[in-house]
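Subject: Structure for your review

Dear colleague,

I am handing over the structure below, followed by notes on what was found in it. Please read the notes with the coordinates open beside them.

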Amino acid sequence: MWLAAIQLVSGRSWQDNREQIAAELAALPIERPLLVLLPENFALFGERQGYLDGAEAIGAGPIQQQLAEWARDYGIWLVAGAMPTTIAGAAHIHTSSLVFDPSGDLKGHYHKIHLFDVDVADNQGRYRESETFSPGQECVLVDSPFGPLGLSICYDLRFPELYRQLTRAGARVLLVPAAFTAVTGEAHWEPLLRARAIENQCYVVAANQGGTHETGRQTWGHSMVIDPWGRVLACQPSGRATVLAQMDAGLVDELKRTMPVMEHARLL
């Protein structure tokens, strides 16, 4: 079983971003089963109005149609890292991760719970996702040949209780699509990802945006696959590329048997 994270430098246009993704998918290895994770904002990376205009209802729209076709054509599990989705009757929207199986069927979706309302010492300075997005309310697991997939998005990474809840529910692979800023990414991206892998004894697949975007925003890159022991199996520092690593499902079982931290945990 193989795990892949596609790193992009997405822009405002879905058409341009689609070409980037298509080129990476066309270069995938032939091994199957293969899980492919796209980053946050893979379809649209711009300003507030662009997200509002490009949002689709879950299960409908040209972006999701293309994602389903790619999953089916390449015979892969394709996880659309995060894209804007509509909320019926609401002015705000969700940012959502969608999971497609090799038949092109939508197997599950997750709405980002933790919104990035933060001041960062970079050229944008102020981030307020809550001005555009509404937070999700539920943790989501999706069954797959790789084991249950625990879904999360970007800023969620800073909240370990979410991943512990996913792991207690059975997650074996934790997915982290992101658009981590260059400043916060350099400081915290890899330590947080490795901690989530180690403390939960799960594989972690993290697909980040990785460069300077049309808006001037700078993202950290360093998309990676990490095993349950916390070892980085593959990493891409910057630019568009795909990182790939083989999954050893037996390693998860071995660690849970020899170091049963979930059984030892005490809630005080």
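In what follows, two strands are said to pair if DSSP finds at least two bridges between them, while helices (H or I, at least four residues) and strands (E, at least two) are DSSP runs that are numbered from the N terminus. This is a predicted model, in which local features need pLDDT of at least 70 and side-chain atom pairs count only at pLDDT 80 or more, whereas totals for chains, interfaces and linings use all residues. Residues are numbered from 1 along each chain as its sequence is written, and side-chain values use heavy atoms, with hydrogens and water left out.

Pairing and strands

With that definition, an open sheet of six strands can be traced in the order β8-β9-β10-β11-β12-β13, and its pairing is mixed. The edges are held by β8 (141-142) and β13 (232-236), each of which has a single partner strand, so one side of each is left without a neighbour in the sheet. In general, strands of a sheet pair through backbone hydrogen bonds, either parallel or antiparallel.

Elsewhere, strand β1 (residues 2-7) pairs with β14 in the antiparallel sense over six bridges, with W2 having Q246 of β14 as its bridge partner.

The chain as a whole

The protein chain contains seven helices and 14 strands, and its C-alpha atoms fill a box of roughly 50 × 45 × 35 Å along the principal axes. Its radius of gyration, taken over C-alpha atoms, is to be set against a globule rule of 2.2 Å times the number of residues to the power 0.38; for 268 residues a compact globule would come near 18 Å, and the value of 17 Å for the protein chain agrees with this. Of the 268 residues, 53% count as buried (under 20% relative accessible area, with exposed meaning over 50% and partly exposed in between, for a 1.4 Å probe and protein chains only). Among contacts (heavy atoms within 4.5 Å) with a separation of 6 or more, 68% are between residues 24 or more positions apart.

Local points to inspect

G75 sits in the loop between α3 (62-74) and β3 (77-86) and is partly exposed, with a relative accessible area of 26%. Leaving aside residues up to four places away in sequence, G75 touches R32, W70 and P102. R32 is in turn joined to P33 by a cis peptide bond, with omega about 5°, and P33 lies in the loop between α1 (14-26) and β2 (34-37).

As background for this bond and the two residues that follow, most residues other than glycine have a negative phi, and most peptide bonds are trans. Q201, in the loop between α5 (182-200) and β11 (203-208), has a positive phi near 55° and counts as buried at 3% relative accessibility. H222, which is not a glycine, also has a positive phi, of about 55°, and is placed in the loop between β11 and β12 (223-226).
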